[in-house]
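Have the sequence and the 3D view ready.

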Amino acid sequence: MRIDMITLFPEMFAGPFGASITKRAVEKGILDIHFTNFRDYSFDKHRHVDDSPFGGGAGMVLKPEPMYRAVRAVLEETAMHAASRRVLIMDPAGPVFTQAKAKELASYEQLVFICGHYEGFDARIYPLADEAISIGDFVLTGGELPAMVITDAVSRMLPGVLGDAESAPTDSFYDGLLGFPQYTRPRDFEGMEVPEVLLSGDHAKIRQWRHEQSLRLTKEKRPDLLAKKALSDEDREILRRLEQPG
């Protein structure tokens, strides 16, 4: 997968993308990450990319011309079929990013992230993107951090990125539920013991226990997720059983 970051601050990505899973994905050739500074596409000698807003107000607004030139240059250079790529604008007004969206984005060959800064985008920039995405109901200084978060989540969905092919399907939110509790050595720590079923060697029982625990934790901590999930009759029976005292 090719990732293109349209940003004023390419240097911000060096730390997060230079370590751990993202770094290994790049080294394996699974991810190909490129950075385009849209200041390089400004028109004037001072390389301005922003200006004061029409109608007055605080702060500066990103101008449309440099952004259009930068994005169009990337799309022309890569010449990727439109159906194989997705142009994303990082914007707090967009739908909140989810695990389901991560899986969807992982199916594309190219993702182009438009990262803003300052007080926001000139409204005419939005048509450049296929969709806007937010990572939560809060405002950040720029779109670089959300782009990093989304890239990390999407890269985990790509074959060969994770050392264990089964890691991603057991992540929280992968199937609409929170992840089950995990344990490792020692077996007993300050009186807190590992559940006996995990030591049984019975893989069918372990899978069942883990699924039940995912349902339990989701019901306790994120009931809103259960409301969205299509539950099976077995899941409903497990939840009814969990509601019973004792």
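E212 is buried, with a relative accessible area of 18% (buried means under 20%, exposed over 50%, partly exposed in between, using a 1.4 Å probe and protein chains only). R241 sits in helix α8 (residues 233-243) and E212 in helix α6 (residues 203-221), so the pair ties together parts that are 29 residues apart in sequence. Helices here are DSSP runs of H or I with at least four residues, strands are E runs of at least two, and both are numbered from the N terminus.

This is a predicted model: local features need pLDDT of at least 70, side-chain atom pairs count only at pLDDT 80 or more, and totals for chains, interfaces and linings use all residues. Residues are numbered from 1 along each chain as its sequence is written, and side-chain values use heavy atoms, leaving out hydrogens and water.

By this rule there are 15 salt bridges, including these:

| Pair | Closest N to O |
|---|---|
| R47 and D40 | 2.4 Å |

R240 and E237 both lie in helix α8, three residues apart, about one turn of the helix. Elsewhere, shared partners link R86, K101, E104 and E131 into one salt-bridge network.

Zooming out, the chain splits into domain 1 (2-157) and domain 2 (172-243), with bounds from an automatic or database domain assignment. Their centres, taken over C-alpha atoms, are 37 Å apart.

How values were computed: Salt bridge = Lys/Arg side-chain N within 4 Å of Asp/Glu carboxyl O.
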